[in-house]
Amino acid sequence: MITYSSNRFPREIGENGWLKTSEIEYSAPSIDQDHICDWLVIGSGFAGVSAARRLTELRSTDKIILLDAIGIGEGAAGQNSGFMIDVPHNINAKGNYLDSIKKDKVTISLHREAIEFASQMVEDYDIPQKVFNKLGKLNGAASQKGFSFNQDYKKQLDALGEDYKSLDAKQMSEITGSQYYQQGIYTPGTILIQPAEFIKRIVEKLNEKIKVFQNSPIKKIEKNQNTWEAHTPLGKITTKNIIFAINGHINNFGFYKKRLLHIITYSSLSKKFNNNILKGDPSWGLTSSNPIGTTVRKVRVDENNSRLLIRNTWRCRQNLESTDHDFKKSCEKHLRSFIERFPNLKESPFEFSWGGRVCLSLNGVPAFGELDENIYSACCSNGLGTVKGTLAGKLIIDKACQSNSSQLDKFESIEKPAILPPNFITEIGANLKIKSREITAGRDL
Ligand SMILES: Cc1cc2nc3c(=O)[nH]c(=O)nc-3n(C[C@H](O)[C@H](O)[C@H](O)COP(=O)(O)OP(=O)(O)OC[C@H]3O[C@@H](n4cnc5c(N)ncnc54)[C@H](O)[C@@H]3O)c2cc1C
């Protein structure tokens with residue numbers, strides 16, 4: 001009998017501020033009996049919700065189950081910084097986030113298709129603007145090295161014919177309320193989402209058409225004649241098709257072994273502070289011009305109050321687990337980056353800090369395709385799951401349903417994720433590289 005089993009399951013790291021401050025109460029039951037369906041989508045991140053949504057479009061009369069090992073919105077999809085970026089942002093690139101013009105043009109068109117697919121859900125499901133807001137993105141530079149990254153970025157945007165605006169120190173300060181940034185580039189196409197609320201609101205609406213379960217980890221999958229049986233601790237699901245949308249956790253089932261890099265990155269969300277304390281635009285999002293640098297977002301809570309989000313620190317952990325030491329060090333780094341940028345807010349540091357998992361492949365391709373008969377993978381979103389996961393989820397259903405799609409041809413790589421050295425060498429090598437980049441990032445971290 002063919003069996004795939006997992007003995008490792010996702011766990012939260014710290015306390016996710018997006019989830020804690022989300023305005024929606026939705027939660028799903030856990031599985032406590034057996035079920036039968038046509039499609040089982042495992043994982044309720046961007047890839048999972050997008051696969052479920054596509055199934056409601058292409059197979060509206062089929063029985064569909066979407067489930068997650070933990071709560072809806074608790075995984076990386078609810079933990080991220082919420083930048084749905086249209087322009088190239090390959091965090092695994094050799095030093096900046098760009099590729100060749102030809103590749104970047106394809107990337108931009110795919111990212112925009114993903115944003116279009118998400119926008120349609122937002123419209124159909126009445127998701128409020130503050131959860132999905134087309135505010136664009138700043139690329140902030142605070143050091144000489146940061147300037148040179150932005151120079152390269154401008155050249156590439158020019159060559160691609162993309163719209164952008166160069167900003168000087170004064171303009172950066174007028175937007176961010178901080179004197180920290182000496183230069184910036186604004187690109188208009190990025191959507192800033194409240195990620196946990198975005199996921200929860202979509203799943204709540206999907207739940208009107210499909211069954212949803214949370215806190216129901218799949219431990220084992222077995223083939224039984226023409227169907228598959230997926231086992232959770234308290235019930236099994238018999239299904240014709242399985243979609244794995246579990247990002248790096250796909251390794252736990254033995255697929256893509258030694259081909260996926262597991263990175264943990266960390267975020268903190270400040271306490272609420274009065275809008276009078278920090279001038280500038282009500283809401284904005286900034287990624288660092290240096291790919292290893294600090295991401296910052298200002299989030300409007302209500303008429304009188306806002307919060308700031310800080311994200312930095314990468315650690316390669318091939319067992320997908322954070323350590324207490326990594327978490328503590330990242331929180332210290334968050335505080336330093338926060339106070340350097342917003343010294344007048346030093347009395348309102350963080351209320352929530354957390355970490356989450358990012359899955360990368362060395363050659364930047366997804367773990368996408370058919371794994372066994374009627375078992376599919378839409379995993380490894382290379383750190384940009386808001387768009388790449390969304391697209392992978394939609395396109396894996398197009399593939400499984402044999403629905404012709406030009407996007408699928410563009411997205412589906414003939415390359416598999418490249419083979420990595422043994423885990424301990426990968427981990428040491430990746431962490432050395434990350435640390436050396438962090439040291440040279442200077443003020444951009
Ligand atoms: C702090 C942080 C900041 C980030 N910022 C950004 C950003 O600004 N923009 C961006 O695009 N990306 C960002 N990312 C990356 C982004 O969050 C991920 O790429 C994205 O969440 C991947 O989506 P996914 O649907 O493929 O997988 P995930 O969101 O990881 O979802 C997979 C789901 O599968 C579930 N699962 C795993 N194993 C099982 C099992 N055995 N049974 C059932 N369920 C299972 C997990 O619980 C999880 O909910 C960030 C990540 C982090 C951690």
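I began with Thr390: beyond its neighbours within four places in sequence, Thr390 is in contact with Phe46, Ala47, Ser50, Met84, Ala114, Phe117 and Gly385 (contact means heavy atoms within 4.5 Å). The model is predicted, with local features needing pLDDT of at least 70 and side-chain atom pairs counting only at pLDDT 80 or more, while totals for chains, interfaces and linings use all residues. Residues are numbered from 1 along each chain as its sequence is written, and side-chain values use heavy atoms, with hydrogens and water left out.

I placed Thr390 in helix H9 (helices are DSSP runs of H or I with at least four residues, strands are E runs of at least two, both numbered from the N terminus). I looked up its relative accessible area and found 3%, so Thr390 is buried (under 20% is buried, over 50% exposed, partly exposed in between; 1.4 Å probe, protein chains only).

I then turned to the ligand. I listed 37 residues around the ligand, of which Phe46, Ala47, Asp68, Phe83 and Thr386 come nearest (near means a heavy atom within 4 Å).

A side-chain N or O atom of Ser381 is 3.1 Å from a ligand oxygen. For a polar backbone atom of Ala76 I noted 3.2 Å, and for a backbone N or O atom of Gly82, 3.4 Å.

I noted that helix H2 (46–58), helix H3 (76–79), strand E15 (261–270), strand E20 (350–360) and helix H9 (385–400) each give two or more residues to the shell.

Key: Polar contact = N/O pair within 3.5 Å; in protein donor to acceptor, adjacent residues only side chain to side chain.
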